Amino acid sequence: MATTPGPGPLVGVRVVELAGIGPGPFAAMLLADLGADVVRVDRPGGAGLAVDPEFDVTNRNKRSVIVDLKAPDGPARVLDLAARADVLIEGYRPKVAERLGVGPEDCHARNPALVYGRMTGWGQEGPLAPRAGHDIAYIALTGTLGMIGEPSRPPAVPANLLGDYAGGSLYLVVGVLAALHHARATGTGQVVDAAIVDGTAHLSAMIHGMLAAGGWQDRRGANLLDGGCPYYGTYETADGKYMAVGALERQFYEEFLHLLGIEEHAGARKDWTRWEDLREAVTARFKSRTRAEWTAVFEGSDACVAPVLSLREAPHDPHLAARGTFTDHGGITQPAPAPRFSATPTQVRTGPARPGGDTADVARDWDVPDLLKGLA
C-alpha cells in the first residue's frame, strides 16, 4: 500500500529503519507519527512480533521494502537509501552493521550529514556489549527493577515499558532529533549510541538525588513513591478490581480521607509510625464497595484517586475518549500519536506496513531504482 508523507512537524525528514523488534521499531514509529517518511528495510522472511504483521501497530505510518543484506548487492541498496536519508536507525548487536557493510563509516562515506541511531540494550562498549539480553535484564542492572513491587515478594515486572520503550526508544528519539538539529546547522552527522541501560538509569535521576539526601531508602516498599506510603498505592475493591491513590499533598490527602470516610486518620500523613493503621483503614474501606462505586465517589474531586483500568477498558474512559487518546484505524484500537502540536497536528495515516509492500513506491519517491531489482 503506497504511503505519502502526511502531517506532523517532521514532514520532509527521511528515515531508514533497519528492521528489528522492540525499541527500534517503536522509536521509528514515533518519528513516523511525527510526520517523517520512515522506510523500514525488512529482511526476506525476517522475524517480527509473534503476530500477523497487519496487527503490528509499531509499524504504522511507515513504508516497507525488502532487502537481503547478505546478498552481494544488498548493502549497496541500503547505502543508496542512506545517501538520501536524514536518519538511519539500527538495533543490531555492536559491529554487526559494520560486518554487513552498512555501519556508520559506510553510511557517512555516502552521506556525511546522516544521523546514525544505534539502539541496543547494553550499549556499544563495555563488558556486556556483545552479549544478548532483554528488557528485564537491562533494567535489573540499573537498580530500577529492584525498586518495583512489594518488599516481601520478588520485584514486579513492568512489562517491557520501562526499559525497551522509556529507557530505550524515547532516548533514541531524543538523541536522533538533537543530532538532526546539529546536522542541519553544521552539515555534520554523527552516531547516536542509545543504550537501554543508560536511558533507564537516567530515568532514576530524581531518586538518586533523594537517596543521596537521605530521603529515599534503598529497598522496595519503604518510600513515598514506591508503594511504601499508604496514600500512594493501589487498593482492591469489593468486586476484585482496583483503585489507584496518589493523594500526596496535604489538601489532596484531606479530601481523600473525607471522601473515603476516615477523617480520624488526618494526623497520620507525616507520622510513619501510624502508616500501618492508616493502610488497614484504607484497605477496609475500599473493600466495602465496587470499583464503579468508588469511581463515582471520587469523580470531580481533587483527591487524586482513579480506577485501575485494563487495556480494553482504557479507550472507553470518558476523559480519554474526550481527548481522543486512543483511536481506531483499520479495525485496530490503538494509542493515538503523542504529544500534540498546535500548528502541525499528527495522525495515524496508514496501518502497519506490510513487509516489502512499498518497494516500488519508495524506489520512485526516493529515486533508488535499484530497489526494484529482484522484484517478481
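Visitor: In which sense do strand 5 and strand 6 pair?

Guide: In general, the strands of a sheet pair through backbone hydrogen bonds, either parallel or antiparallel. In this predicted model, strand 5 (residues 115-120) and strand 6 pair in the parallel sense over six bridges. Pairing requires that DSSP find at least two bridges between two strands; strands are DSSP runs of E, at least two residues, and helices runs of H or I, at least four, numbered from the N terminus. M119 stands opposite A194 in strand 6. Residues are numbered from 1 along each chain as its sequence is written.

Visitor: What is the strand order of the open sheet?

Guide: The six strands run in the order 3-2-1-4-5-6, with parallel pairing. Strand 3 (62-66) and strand 6 (190-195) are the edge strands, each pairing on one side only.

Visitor: Which residues of helix 11 are buried?

Guide: Buried means under 20% relative accessible area, exposed over 50%, and partly exposed in between (1.4 Å probe, protein chains only). In helix 11 (residues 291-298), R291, W294 and F298 are buried. Seen down the helix axis, these residues fall within an arc of 65° (taken from the directions from the axis to the C-beta atoms), so they line one face of helix 11. Just after helix 11, G300 takes a positive phi of about 80°.

Conventions. This is a predicted model: local features need pLDDT of at least 70, side-chain atom pairs count only at pLDDT 80 or more; totals for chains, interfaces and linings use all residues. Side-chain values use heavy atoms; hydrogens and water are left out.
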